[in-house]
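Welcome, and please take a moment with the sequence and the coordinates before reading on. The notes below are meant to be read alongside them.

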Amino acid sequence: KLTVKELKKELESYGISTKSYFEKSEFERAVAEARVDGTKKSTASSSGRNGARSTAAEEPWDPSYRDVGVKKFDSRLLS
């Protein structure tokens, strides 16, 4: 079994963005699909920042997300 860090590094070596993955199972599935699809690994020197590259498979930016607010979780609001 690989750690999330190792899975992320492998995906980035394939040139696959990892921005949309949160759970380990999502990383595992993406790595398995990349391996099955025969995606060629890139070298660190030819890839972008931190080994990540933008690909055609990456989802386009959705402008409706600009209105999404993020707030710090407050457990006192649950009671």
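This report looks at a helix pair, a nonpolar core and the salt bridges.

## Ground rules

This is a predicted model, where local features need pLDDT of at least 70 and side-chain atom pairs count only at pLDDT 80 or more, while totals for chains, interfaces and linings use all residues. Residues are numbered from 1 along each chain as its sequence is written, and side-chain values use heavy atoms, leaving out hydrogens and water.

## How the two helices pack

Two packed helices are described by the angle between their axes and the distance between the axes. Here, helix α1 covers residues 4-13 and helix α2 residues 24-37; their axes come within 9 Å and cross at roughly 35°. Helices are DSSP runs of H or I with at least four residues, numbered from the N terminus. Each axis is a line fitted to C-alpha atoms over the stretch in contact, and angles run from 0 to 180 degrees between N-to-C directions.

The crossing of α1 and α2 is left-handed, a label for a near helix turned anticlockwise from the far one by less than a right angle. On the α1 side, V4, L7, K8, E10 and L11 make the contact, and α2 answers with K24, F27, E28, A30, V31 and R35. Contact means heavy atoms within 4.5 Å. These residues divide into six nonpolar, no polar and five charged, with Asp, Glu, Lys and Arg counted as charged, Ala, Val, Leu, Ile, Met, Phe, Trp, Tyr, Cys and Pro as nonpolar, and the others, Gly among them, as polar.

## The nonpolar core

The largest nonpolar core has five residues: L7, L11, F27, A30 and V31. Such a core is a set of buried Ala, Val, Leu, Ile, Met, Phe, Trp, Tyr and Cys residues joined through side-chain atoms within 4.5 Å. Both α1 and α2 supply at least two residues, and α2 gives the most, with three.

Setting aside neighbours within four places in sequence, L11 is in contact with I16, T18, Y21, F27, A30 and V31.

## Two salt bridges

How many salt bridges does a search of the whole structure find? There are two, a salt bridge being a side-chain nitrogen of Lys or Arg within 4 Å of a carboxyl oxygen of Asp or Glu. One joins R35 and E10 at 2.8 Å, N to O; this pair links α2 to α1 across 25 residues. R35 is partly exposed at 47% relative accessibility, whereas E10 is buried at 12%.

In the other, the closest N and O atoms of D74 and R76 are 2.9 Å apart. D74 is partly exposed at 24%, and R76 is exposed at 66%. Buried means under 20% relative accessible area, exposed over 50%, and partly exposed in between (1.4 Å probe, protein chains only).
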